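The following exercises concern a single protein model. Please study each task before reading its solution.

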Amino acid sequence: MRALAAALLVTVAALFQLTQVGRFAAAGGAPSLVLVAVVCLAWLGGARAGLGSALGSGLLLDLGGQGPLGVHALALIPAAWLGTRGARHVGGGRLPAVAAVAALATIAYELVVGGFAETLGHAGLGLPGLLPALAGSCLWNALPAPAGLLLLERLERGLVAA
């Protein structure tokens with residue numbers, strides 16, 4: 001049941017990201033609800049949940065036309081790893097820590113996507129065009145991460161109780 005709920009969550013996040021995120025782009029960057037969902041799922045569910053959500057949601061983004069097949073799936077793997085590692089090494093300050101992990105995951109994600117774009121010769125998408133938007137994207141992803149973690153914890157408690 002948890003796997004089904006996680007799959008539904010990343011599917012909704014990917015669909016929202018593919019269709020609505022452009023409207024929220026400001027402060028030099030844009031939010032990535034998929035990245036936030038992957039970090040939070042990895043934080044709560046460990047490596048298996050994080051990697052599964054990273055690969056599944058990344059492929060949904062790739063199939064939605066946001067780049068060559070596999071780029072987003074590969075770029076979300078560091079986010080899952082950071083989420084898993086963050087959960088293991090943080091004690092009481094988990095909400096600020098998950099925000100920091102989401103910001104770090106954003107940097108890793110954007111560097112992988114930007115590196116692929118640079119390698120494939122996509123003008124305007126490469127590393128030089130990436131750096132100005134990186135700080136804004138980090139902020140956009142760090143801010144909702146604590147709320148996402150709390151929401152997933154509440155959902156998990158509801159699934160366990162049911």
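**Exercise 1.** Which pattern does the protein follow when read along the sequence?

*Solution.* The model is a predicted one. Step 1: count the elements of secondary structure; there are six helices and zero strands. Step 2: arrange them in sequence order, which gives the pattern α-α-α-α-α-α.

**Exercise 2.** Determine which side chains meet in a salt bridge, and state what the pair ties together.

*Solution.* Step 1: the structure holds one salt bridge. Step 3: locate the partners. Arg 94 belongs to helix α4 (residues 94-120) and Glu 153 to helix α6 (residues 145-161), so the pair ties together parts that are 59 residues apart in sequence.

**Exercise 3.** Classify Arg 94 and Glu 153 as buried, partly exposed or exposed.

*Solution.* Step 1: recall that buried means under 20% relative accessible area and exposed means over 50%. Step 2: Arg 94 has a value of 29% and is therefore partly exposed. Step 3: Glu 153 has a value of 16% and is therefore buried.

**Exercise 4.** Describe the surroundings of Ala 42.

*Solution.* Step 1: Ala 42 is part of helix α2 (residues 33-63). Step 2: its relative accessible area is 1%, so Ala 42 is buried. Step 3: leaving aside residues up to four places away in sequence, Ala 42 touches Gly 50, Ala 80, Gly 83 and Thr 84. Step 4: the C-alpha atoms of Ala 42 and Leu 82 are 8.2 Å apart, although 40 residues separate the two along the chain.

Technical notes:
Residues numbered from 1 in each chain as written. Predicted model: local features only at pLDDT ≥ 70, side-chain atom pairs only at ≥ 80, totals over all residues. Heavy atoms only, no water. Salt bridge = Lys/Arg side-chain N within 4 Å of Asp/Glu carboxyl O. Helix = DSSP H or I, 4+ residues; strand = E, 2+ residues; numbered from the N terminus. Buried < 20%, exposed > 50% of the residue type's maximum accessible area, 1.4 Å probe, protein only. Contact = heavy atoms within 4.5 Å.
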